[in-house]
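Hello,

Here is the structure I promised to pass on. Have a look, and then read on for what turned up.

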Amino acid sequence: MADNNVVIEVKDLHIRYKTVRAKSIKKSLFSLKKSQIDEFEAVKGISFNVEKGEIVGLIGKNGSGKSTTLRSIAGIFSPDEGSIDIGDHTISLMAIGVGFNKELSGKDNIYLAGLLLGFTEEQIRAKYKEIVKFSELGKFIHSPVRTYSSGMYSKLAFSITAILETDIILIDEVLSVGDMKFKKKSLKKMKELISDSNRTVMIVSHSTETIRKLCTRVIWLHEGNLKMDGPTDEVLPAYKEFMSTSETSKKKAKKAKKEEKLLQYLDE
């Protein structure tokens with residue numbers, strides 16, 4: 001990185017998925033042809049930098065590439081093209097369904113997650129009671145994670161990352177899961193964490209209110225492309241207007257289709 005203040009540098013990032021086209025069992029048994037493999041490009045050459053201390057929101061409709069981008073920065077997905085550079089900064093990802101061994105207990109997963117984040121066993125042990133208390137899981141901390149509800153899972157994921165503090169925190173929808181009491185506590189804790197000017201945060205959320213409250217900057221992704229990047233009070237209104245127009249267009253199209261069917265019926 002040329003600029004010492006940049007902690008995340010994303011250059012011309014492309015991420016592609018390969019999917020096998022569905023076939024019936026009968027066709028699969030008697031077909032001599034290889035299965036048809038389709039390629040889907042989830043992220044299409046996006047570039048941006050995030051500076052130390054920034055709180056950046058990632059927004060966009062479903063399938064826009066938000067979570068894929070976040071997981072790529074976390075090192076879960078490798079770029080098909082382009083590059084991601086976080087230097088020597090420590091990084092953690094809060095996301096449902098990522099990072100836990102579901103056969104292990106919550107306690108074991110705290111130690112496993114901590115070690116993967118680069119903490120020593122002694123450092124994790126010193127923070128263990130604080131993590132359990134914040135998670136509100138009580139005796140369930142000794143139960144296998146596979147028995148957890150999505151709310152319990154999110155509480156544990158948030159608690160580990162919130163208490164074992166890293167230089168960069170990536171959050172994927174975890175703040176929107178759980179009961180109202182925990183949501184309020186999570187938002188309060190997040191505000192405490194991001195008040196540290198040395199910590200950098202990226203948040204994926206469908207809640208524009210969460211983004212408005214926490215983020216100083218917003219990156220808007222649309223169908224894998226970077227549509228807009230700028231201050232929260234500039235990007236959010238444009239995004240809301242776009243989504244409102246899109247929904248209106250969809251409703252109008254559905255209504256027109258119904259009218260066409262009715263006309264066809266009357267002509268018969």
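A residue is called buried when its relative accessible area is under 20%, exposed when over 50%, and partly exposed in between (1.4 Å probe, protein chains only). Strands (E, at least two residues) and helices (H or I, at least four) are DSSP runs numbered from the N terminus.

The model is predicted, so local features need pLDDT of at least 70 and side-chain atom pairs count only at pLDDT 80 or more, while totals for chains, interfaces and linings use all residues. Residues are numbered from 1 along each chain as its sequence is written, and side-chain values use heavy atoms, leaving out hydrogens and water.

Let's start with β5. Ile91, Leu93 and Ala95 point one way from this strand, Ser92 and Met94 the other way, and all are buried. Because 5 of the 5 residues of β5 are buried, the strand is largely enclosed by the rest of the structure. β5 runs parallel to β6, joined by 5 bridges (strands pair if DSSP finds at least two bridges between them).

Next, the nonpolar cores: sets of buried Ala, Val, Leu, Ile, Met, Phe, Trp, Tyr and Cys residues joined through side-chain atoms within 4.5 Å. The largest has 24 residues, of which Ile8, Phe48, Ile73, Leu170 and Met202 touch the most other members. Elements giving two or more residues to this core include β5 (91-95) and β6 (168-172). A second, separate core of 22 residues includes Ile55, Ile59, Phe134 and Met190.

Enjoy exploring!
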